[in-house]
Amino acid sequence: MSEWKASGRDVMASGPQVGFWHPLVDNHAQEYDSLWKDNFIDVMQTSTRKVSWKQDGNAVVVTVSQRIAPPVRAFGMRVELVYTVLPSGRVDLKVSGEPYGDYSDIIPRIGISFEVPGCDRAVEWYGHGPGESYPDSLRANPVGHYRTTVDDMFTPYVMPQDCANREGTRWVALRSSHGDGVLVTRPTDAASNPFSFSAWPIAARPSITPSTSTTLSRVTRSRSTSTTSCSALARTLGVPRCSIPIAPVLRASVSRCPCDR
């Protein structure tokens with residue numbers, strides 16, 4: 001996706017990108033030194049191999065096939081992104097991946113990121129909050145309806161690192177000072193799991209750099225902040241012929257009013 005506009009305004013500054021890296025926290029230094037550095041996990045590159053589209057009733061379906069892999073290594077992930085664009089302006093995105101090669105250890109993250117214009121965004125969500133939360137720290141942040149700003153979500157550590165994650169999210173909305181923005185939800189069926197997200201006033205992938213846009217990351221699987229709770233991502237890239245639902249369905253739509261769900 002290279003452009004999305006509504007009422008003459010840009011909805012996105014850059015389209016969704018699948019990623020397996022995030023800026024490291026101190027507790028993950030040992031994994032970086034022993035596993036990720038020599039395998040170039042932090043510089044995995046995306047190559048788009050095929051793009052096709054078709055009409056399905058009133059909707060348009062665009063399928064993008066990509067390969068995400070580190071340089072000079074014979075492993076990676078074959079990824080398929082399926083965009084369904086509806087007349088209402090809603091976009092459904094389904095992402096799946098198939099690992100290949102001989103890497104069989106943990107990775108930092110499985111998720112997708114995109115940027116929305118402006119960094120003066122209000123953030124509203126239903127999920128764990130109000131503070132940041134991770135798989136090993138959920139009880140400190142009960143599920144509820146919360147509001148904050150992108151600036152207040154971000155923690156300016158002396159050594160820049162990952163932050164601002166919110167677990168168990170059902171929907172999240174980002175709005176500009178004009179009142180318009182984007183609403184990201186999970187599907188409404190009972191089988192859909194909540195997701196995690198973070199919103200940063202910077203370009204966060206692969207490293208932390210200043211930006212005039214907001215980076216929103218939707219995470220399917222994230223590592224805990226501890227050094228021992230890492231089973232969720234174990235052997236993710238090393239299981240051949242196994243389809244991984246990176247984003248079973250992600251729904252994004254233009255939003256101009258407060259959320260009521």
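Figure 1. V60 is a residue of strand β5, which spans residues 59-69. Strands (E, at least two residues) and helices (H or I, at least four) are DSSP runs, numbered from the N terminus. The model is a predicted one, in which local features need pLDDT of at least 70 and side-chain atom pairs count only at pLDDT 80 or more, while totals for chains, interfaces and linings use all residues. Residues are numbered from 1 along each chain as its sequence is written, and side-chain values use heavy atoms, with hydrogens and water left out. V60 has a relative accessible area of 31% and is partly exposed; buried means under 20% relative accessible area, exposed over 50%, and partly exposed in between (1.4 Å probe, protein chains only). Together with W53 and V85, V60 forms a nonpolar patch on the surface, with about 290 Å² of accessible area. Patches are made of residues with over 30% relative accessible area and no salt bridge; like charges are joined within 9 Å, and nonpolar side chains (Val, Leu, Ile, Met, Phe, Trp, Tyr) within 5 Å. Accessible areas come from the Shrake-Rupley method with a 1.4 Å probe, and for residues only the protein chains shown count as cover.

**Figure 2. The protein chain as a whole.** The chain contains 2 helices and 16 strands. Of its 261 residues, 48% are buried. The accessible surface comes to about 12800 Å², and carbon and sulfur atoms account for 50% of that surface. Among contacts between residues at least 6 apart in sequence, 67% join residues at least 24 apart, where contact means heavy atoms within 4.5 Å.

**Figure 3. The largest nonpolar core and the surroundings of V172.** In soluble globular proteins, nonpolar side chains tend to be buried together. The largest nonpolar core here has 45 residues, and those with the most contacts inside it are V18, F20, L81, V123, V172, L174 and F197. Strand β14 (residues 195-203) supplies the largest share of this core, 5 residues. A nonpolar core is a set of buried Ala, Val, Leu, Ile, Met, Phe, Trp, Tyr and Cys residues joined through side-chain atoms within 4.5 Å. When neighbours within four places in sequence are left aside, V172 is in contact with V123, E124, W125, V182, L183, V184, F195 and F197.

Figure 4. R147 is exposed, at 60% relative accessible area, whereas E124 is buried, at 5% relative accessibility. The side chain of E124 also meets that of R175 in a salt bridge (3.1 Å, N to O). This pair links distant parts of the chain, with E124 in strand β9 and R175 in strand β12 (residues 171-175), 51 residues apart. R175 counts as buried, at 11% relative accessibility. Through shared partners, the salt bridges join E124, R147 and R175 into one network.

**Figure 5. The salt bridge between R90 and D92.** The side chains of these residues meet at 3.0 Å, N to O. R90 is partly exposed, at 26% relative accessibility, whereas D92 is buried, at a relative accessible area of 11%.

**Figure 6. The two sides of helix α1.** Helix α1 covers residues 29-36, and its buried residues are E31, L35 and W36. These residues cover an arc of only 65° around the axis, which puts them on the same side of α1; the arc is that of the directions from the helix axis to the C-beta atoms. The exposed residues D33 and S34 are carried on the face turned away from the buried side of α1.

Figure 7. The peptide bond from G129 to P130 is cis, with omega near 5°, and P130 is located in the loop between β9 and β10. F40, in the loop between α1 and β4 (45-56), is a residue other than glycine with a positive phi, near 60°. F40 is partly exposed, with a relative accessible area of 29%. V72, in the loop between β5 and β6 (76-85), also is a residue other than glycine with a positive phi, near 55°. V72 is exposed, with a relative accessible area of 69%.

Note on methods:
Salt bridge = Lys/Arg side-chain N within 4 Å of Asp/Glu carboxyl O.
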